There are 4 protein chains.
Amino acid sequence: MARRTTLTDMLQTLFERRGGRGKLADRSIEDLSLALLDVEGEVSGVALAQAVLDRYAQMSNAEKLAFFQFLNAALEIDPTALSTAVQTFQNSPTVSAYRQIGRAAEPRRQELLRRLNQPPGATQALVNMRADLIAAKAQDPDLARTDLDFQHLLRSWFNRGFLVLRQISWDTPATILEKIVEYEAVHAIQDWDDLRRRLYPEDRRCFAFFHPSMPDEPLIFVEVALSLGVPNSIQHVLSENRDQRNAQDTKVAVFYSISNCQDGLAGVSFGSLLIKQVVAELSRELPQLETFVTLSPIPKLAGWLASEDGATAGDADWVQSSAVRYLLDAKDAKGRPFDPVARFHLGNGAQIYAVHAGADLSPNGLAQSHGAMVNYQYDLGLIEQNHERFVQDQEICLAPKFKNGLGSVYKKKRISA
Amino acid sequence: MARRTTLTDMLQTLFERRGGRGKLADRSIEDLSLALLDVEGEVSGVALAQAVLDRYAQMSNAEKLAFFQFLNAALEIDPTALSTAVQTFQNSPTVSAYRQIGRAAEPRRQELLRRLNQPPGATQALVNMRADLIAAKAQDPDLARTDLDFQHLLRSWFNRGFLVLRQISWDTPATILEKIVEYEAVHAIQDWDDLRRRLYPEDRRCFAFFHPSMPDEPLIFVEVALSLGVPNSIQHVLSENRDQRNAQDTKVAVFYSISNCQDGLAGVSFGSLLIKQVVAELSRELPQLETFVTLSPIPKLAGWLASEDGATAGDADWVQSSAVRYLLDAKDAKGRPFDPVARFHLGNGAQIYAVHAGADLSPNGLAQSHGAMVNYQYDLGLIEQNHERFVQDQEICLAPKFKNGLGSVYKKKRISA
Amino acid sequence: MARRTTLTDMLQTLFERRGGRGKLADRSIEDLSLALLDVEGEVSGVALAQAVLDRYAQMSNAEKLAFFQFLNAALEIDPTALSTAVQTFQNSPTVSAYRQIGRAAEPRRQELLRRLNQPPGATQALVNMRADLIAAKAQDPDLARTDLDFQHLLRSWFNRGFLVLRQISWDTPATILEKIVEYEAVHAIQDWDDLRRRLYPEDRRCFAFFHPSMPDEPLIFVEVALSLGVPNSIQHVLSENRDQRNAQDTKVAVFYSISNCQDGLAGVSFGSLLIKQVVAELSRELPQLETFVTLSPIPKLAGWLASEDGATAGDADWVQSSAVRYLLDAKDAKGRPFDPVARFHLGNGAQIYAVHAGADLSPNGLAQSHGAMVNYQYDLGLIEQNHERFVQDQEICLAPKFKNGLGSVYKKKRISA
Amino acid sequence: MARRTTLTDMLQTLFERRGGRGKLADRSIEDLSLALLDVEGEVSGVALAQAVLDRYAQMSNAEKLAFFQFLNAALEIDPTALSTAVQTFQNSPTVSAYRQIGRAAEPRRQELLRRLNQPPGATQALVNMRADLIAAKAQDPDLARTDLDFQHLLRSWFNRGFLVLRQISWDTPATILEKIVEYEAVHAIQDWDDLRRRLYPEDRRCFAFFHPSMPDEPLIFVEVALSLGVPNSIQHVLSENRDQRNAQDTKVAVFYSISNCQDGLAGVSFGSLLIKQVVAELSRELPQLETFVTLSPIPKLAGWLASEDGATAGDADWVQSSAVRYLLDAKDAKGRPFDPVARFHLGNGAQIYAVHAGADLSPNGLAQSHGAMVNYQYDLGLIEQNHERFVQDQEICLAPKFKNGLGSVYKKKRISA
């Protein structure tokens with residue numbers, strides 16, 4: 001790291017030596033940003049970019065808000081210029097007219113972001129800046145314009161062709177492991193012993209996506225349990241005293257936790273790709289695996305039941321049938337599943353495999369879903385058609401066994417043949 | 001590599017199994033491209049992207065031209081929709097109106113390129129596609145519109161924050177070394193012995209930029225000789241029998257060859273950054289280094305002299321004074337130096353350090369510049385101000401010693417004080 | 001790892017397929033060992049070695065004792081043969097007579113150990129076997145003969161030319177970090193937070209020696225604190241709330257804990273080399289460091305005072321002056337310092353720099369030394385002469401400042417000029 | 001590398017600063033060696049070892065001979081002391097008597113070699129010293145005593161548990177590749193294009209053993225061709241224009257060249273292990289492979305025929321039947337095959353698979369064997385029993401097909417049923 005900053009340090013020092021404009025540290029972040037946009041060559045760009053990022057790192061929330069408003073207002077597109085360019089192009093679609101549109105349609109803040117991404121560590125800094133921006137949108141909804149530009153750029157930079165899949169194991173450096181502990185969002189990791197139980201045994205795996213410019217920062221990770229059967233509770237999966245199995249003897253891979261790590265990458269989706277790539281990776285390494293399922297929470301079940309039926313408790317049968325009903329019937333305004341986790345997995349082409357009461361007895365699990373959980377199944381041979389039936393016909397696809405068993409827990413007929 | 005393609009292969013197989021649309025291999029590349037743009041989720045995207053790239057790889061030049069014309073015409077922006085969006089925004093700059101402009105101003109071919117960049121190896125494939133496109137522009141200049149989109153995307157993806165500087169040495173894998181031999185554009189590398197002479201000795205260095213998605217493909221590289229004094233001929237630098245020095249004993253770093261490797265990255269400039277980063281790297285490792293210069297060709301000198309003076313030969317004095325005159329006086333239509341290499345280095349903030357006759361006695365050297373070469377000096381402390389004087393005042397900066405010596409070889413006064 | 005065992009597994013399977021001698025698993029470890037010694041070529045050697053090590057791994061302590069006694073008796077040298085060989089050589093020192101001596105003087109168990117070291121993991125298995133042997137010596141002191149052979153071989157294999165120094169940091173895999181926690185023998189590491197405090201901050205370092213055949217097993221490690229001054233208590237060094245410093249700003253490197261990790265390598269000393277190599281490494285990285293000292297326990301102080309004076313408590317002055325007296329005066333039967341830690345550091349050429357009361361207030365620290373600790377200083381420029389004065393004249397070398405201050409805490413004159 | 005020498009340099013400088021004995025550079029290598037043996041601690045050992053190795057590196061052959069004679073005479077065992085120790089042990093086999101024997105039976109030069117192996121690069125230096133010693137034995141056969149000690153130590157250090165198998169490919173650093181070119185002893189590599197043809201295609205492989213202390217120096221390597229059938233000529237294997245195959249489609253692995261790289265490791269055999277480990281490695285990666293054979297020279301065929309029959313030429317039939325006769329009948333004084341290559345492979349448990357005339361038409365091939373070559377087959381399932389039949393019964397094992405076809409080319413019955 002020290003080595004990579006050499007150029008930045010040097011240029012910054014040299015840059016400041018010139019008397020004219022005074023020290024970088026004396027200039028406002030807006031002034032520095034404009035200077036960075038004005039720089040023609042690449043000479044002082046790195047120094048200026050570093051100065052902007054350094055300044056930003058020390059700003060209060062109020063100052064950050066002001067900076068975002070500066071980006072939003074001062075570096076906005078000029079609609080008049082764009083309008084003229086479009087008209088020219090309409091008259092005659094020349095190359096030069098086309099270039100003019102491209103220039104006028106892109107606000108200068110986009111180019112600023114690209115130029116900021118020069119010093120070492122800048123990519124992470126910009127991702128963090130976006131997280132601040134998302135928070136700031138609550139105060140000034142108009143900042144959503146600038147956020148669109150951030151999102152556009154980050155989608156391009158975090159294009160899946162650039163992502164790297166890495167296994168996280170007990171051989172992984174502690175620097176990264178402590179981030180896994182920090183970022184786990186579904187079933188909190190208690191301590192290093194708990195972490196070890198999830199990473200070290202032969203029948204446990206963890207995979208994460210990384211970006212080459214942020215080699216120590218996972219973007220998203222999934223925890224996997226290998227087992228003989230499909231598990232019906234998270235307690236069992238995380239048990240300290242469970243029997244361990246040889247990976248070669250297992251039949252089922254269970255994705256029991258998937259966590260996004262970077263708030264600043266909201267809207268840049270990695271989850272679907274990660275699951276599918278891990279399915280492929282595990283299939284290759286352990287060809288005897290037959291079934292790939294999740295063990296997923298049903299985060300909005302309790303709230304929906306309370307508002308729908310006024311119901312707040314019941315026995316295991318009630319929990320299970322309520323959960324099934326919720327997963328099949330509860331819809332949002334657009335007619336999609338009301339449950340966000342269901343929306344994610346079904347949208348990926350997964351199908352409901354089983355629903356379990358008493359599956360998550362943690363305070364959080366009881367509070368959000370009366371302890372119910374669900375297995376979504378990823379069958380690579382069906383993903384494509386499940387996905388299309390879901391998107392085009394809003395159909396919720398079910399595994400045959402689950403479908404056949406539905407009569408007993410769920411009377412109404414609602415599922416297409 | 002084999003591992004990374006697993007998902008692609010699997011998805012492609014599964015994708016094809018579905019009867020409906022027939023085999024991927026039976027569909028046209030245009031059809032596949034449109035399908036890739038229509039895919040909502042990420043399910044079959046990788047399979048489709050791979051199919052497009054596979055198809056492209058087998059196409060003739062005529063077919064490629066047709067494909068580029070399809071991109072240029074069928075995936076063009078809709079100026080009417082854009083015009084409407086701009087008007088809406090002018091009336092009320094809402095977030096939604098802004099989003100509309102962003103969508104309408106970006107042609108669908110840009111999104112296609114981003115979606116193509118999914119399978120392993122796609123980034124390189126797209127860079128190569130751009131090289132084909134540049135060639136195709138000669139036949140259909142309108143393709144420059146599509147080329148602008150390629151360039152825009154590649155600039156974003158090959159943003160300097162993502163580049164990796166690596167030393168190329170005799171410890172580098174042969175896979176990469178044979179590309180150095182292939183790409184060397186200035187002083188051809190004869191064979192592996194010649195390559196060894198440039199990489200192995202302690203007083204020779206080579207550095208290259210790489211992109212994480214193309215780890216075996218250098219983007220640009222520079223060859224460096226460490227020496228006691230500033231060399232006045234390339235023959236000496238490349239001599240088989242020269243004395244080698246301990247790196248610690250040298251005073252001067254000479255950049256004697258810099259080669260771009262990827263035709264498809266034309267317009268995405270790396271050279272200035274590479275030189276400056278190598279200057280910083282060498283300064284750190286060998287703090288005793290005092291001077292950083294190039295030993296550069298003067299590619300258009302002979303042509304210019306012929307057309308200007310009708311002169312085609314002369315003694316060493318004539319060659320030197322002519323070269324000096326050419327470097328200081330010959331301008332292009334925009335008032336910039338006529339010589340492209342001079343334009344590059346002076347634009348980077350370098351200054352002319354010395355001009356030598358008899359410096360490149362190879363057939364090519366004699367033909368293009370009567371054997372003259374020039375040292376441009378990179379003085380980190382002056383780069384910034386040299387750059388500004390060059391850009392703002394079109395001034396060609398000179399090292400003091402060179403300036404003082406000018407009287408003897410160059411009578412006219414032309415240099416600002 | 002899986003890959004490296006392929007050959008072993010294959011050969012073992014094939015080996016067993018031959019009807020003749022029956023399954024490897026049915027033969028005694030003594031039988032297998034003799035077979036391994038008889039194997040001429042290398043064909044089945046790996047399979048036999050693996051079988052011996054597998055068998056050994058499952059044996060009870062009583063069985064291990066029996067196996068060691070087998071090595072000690074059945075694979076002993078034949079003194080008569082050796083005697084004859086020596087006589088022949090005395091008559092005429094021919095090459096062939098010399099070869100005969102070499103063969104007769106080396107017991108077959110040495111060759112057995114070399115042949116056992118073939119399958120992956122064998123080196124570690126043999127180190128562990130030696131640890132068992134050392135324990136077994138308590139029951140059968142004659143096993144010391146076999147132990148001499150183990151030690152001889154391990155000294156040759158763990159020759160310092162083969163050791164690899166690696167920094168242990170927060171970037172080190174958890175696999176290795178958990179061993180650091182386990183092996184820390186001086187100041188126990190409480191948990192991962194404690195470990196992080198010793199590894200992560202810029203002013204903390206840890207270095208270990210590894211052997212290439214045991215890449216996940218440290219042999220010995222030392223923990224280092226970088227600070228402004230020489231610390232006078234371990235509480236301060238390990239404090240959770242101390243101020244951290246930039247490594248570049250520190251002046252003193254403190255070796256506050258050094259732990260051997262492998263019981264089976266007793267008698268193969270790494271400590272002196274490790275300290276000196278770390279001194280060199282830190283001097284290179286941080287040239288501003290001026291002083292290299294330990295902060296060492298005085299393990300036998302309390303016991304010695306009790307037996308010498310019957311004293312078991314006192315104030316800080318008493319503790320300090322008693323500690324000084326002990327370090328300077330208490331000798332073992334051979335006239336060397338009675339304190340084993342003092343013997344180690346002074347033997348390495350270190351000198352006493354300071355003695356502190358109240359320096360280790362842990363129960364263990366109070367029990368063993370009434371809380372006193374000592375700084376030994378490693379001054380590379382004096383190491384050689386200190387070492388010689390210690391070895392030849394049994395002189396305990398003192399840092400000048402400590403020597404000058406002695407008058408106040410220690411009246412008697414005892415130190416050579 | 002620079003980093004690893006820091007300690008050595010430092011200690012050497014410090015060592016010399018002490019006035020007493022004068023500069024290391026002023027003392028004789030014998031004096032330095034004795035000092036190294038006298039050093040008790042580890043303080044100056046590294047510095048002295050480096051001084052000895054530096055001195056040695058600059059010595060003439062005559063000086064080296066003198067140094068070896070010093071090792072051989074001055075550092076010899078003391079047979080009287082050994083005799084006494086043996087007698088003591090015969091009277092009472094105590095631990096201390098046993099230790100005495102161990103000390104007296106080992107010449108001090110062995111300890112010297114172990115102590116020399118401290119500075120970086122020492123292992124390679126000692127291997128090279130052994131190569132010089134082997135050469136010096138021609139002048140002074142008594143040096144064989146010292147050579148026995150070298151060999152003993154190197155066998156222990158290069159124990160197979162410490163060897164690392166690495167694939168050599170076109171991704172291997174040029175530093176190592178140029179050594180492959182240099183060390184290839186069977187079928188010379190013409191240039192880098194030739195090397196590329198042997199490493200780059202998917203149906204060509206190369207594997208080497210390395211020692212961790214000599215990471216850039218292969219110890220032995222084998223070149224492998226993957227093909228559909230067993231090749232009958234080296235011309236075909238090395239042809240520039242042959243068809244390449246997918247590795248997955250091949251059935252036969254041909255070991256067509258195996259070269260030892262280090263003269264100084266003569267007598268430390270790696271070949272048998274390398275072949276077997278590569279067989280295991282390829283079986284794992286390409287489970288469809290059915291046959292593992294060599295394509296081996298018959299180096300002493302022509303000489304034997306000339307001396308036996310006076311025959312010096314003949315047609316292909318004569319060459320083939322002569323080669324078969326030679327391989328089956330020609331024996332050395334101990335009754336083993338006269339041909340050294342046959343002795344090696346048959347001793348490893350291989351069996352004769354086929355004999356070909358016209359198989360090596362190079363000048364060397366024609367000169368040594370009238371162009372004949374032989375395939376030895378490694379069948380892991382038979383290796384063990386072939387090896388035993390060869391060792392115990394001096395039987396030359398034959399593949400069934402070869403045995404059955406023998407009638408036609410070889411009349412005499414000579415092979416056991």
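**View 1. Buried area between chain C and chain D.** About 6,200 Å² is buried between chain C and chain D, and carbon and sulfur atoms give 61% of that area. The model is predicted. Chain C puts 71 residues into the contact, and chain D puts in 70 residues. Polar contacts across the interface come to 16 residue pairs, both partners at pLDDT 80 or more. The salt bridge count between chain C and chain D is 0.

**View 2. The side of chain C that touches chain D.** Several helices of chain C each supply at least two residues to this side. Among them are helix 1 (6-17), helix 5 (79-91), helix 6 (95-105) and helix 7 (108-116). Helix 9 (144-157), helix 13 (271-285) and helix 18 (380-393) also belong to this group. By residue class, this side of chain C holds 29 nonpolar, 23 polar and 19 charged residues.

**View 3. Chain C laid on chain D.**

**View 4. D:Arg145 and its contacts.** D:Arg145 lies in helix 9 (residues 144-157) of chain D. Its relative accessible area is 8%, so D:Arg145 is buried. Leaving aside neighbours within four places in sequence, D:Arg145 is in contact with C:Phe89, C:Pro93, C:Thr94, C:Val95 and C:Tyr98, among others. Its contacts in chain D, under that same exclusion, include D:Asn72, D:Glu76 and D:Arg109.

Note on methods
Residues numbered from 1 in each chain as written. Chains lettered and ligands numbered in written order. Predicted model: local features only at pLDDT ≥ 70, side-chain atom pairs only at ≥ 80, totals over all residues. Heavy atoms only, no water. Contact = heavy atoms within 4.5 Å. Buried area = accessible area lost by both parts, 1.4 Å probe. Salt bridge = Lys/Arg side-chain N within 4 Å of Asp/Glu carboxyl O. Polar contact = N/O pair within 3.5 Å; in protein donor to acceptor, adjacent residues only side chain to side chain. Helix = DSSP H or I, 4+ residues; strand = E, 2+ residues; numbered from the N terminus. Nonpolar A, V, L, I, M, F, W, Y, C, P; charged D, E, K, R; others polar. Buried < 20%, exposed > 50% of the residue type's maximum accessible area, 1.4 Å probe, protein only.
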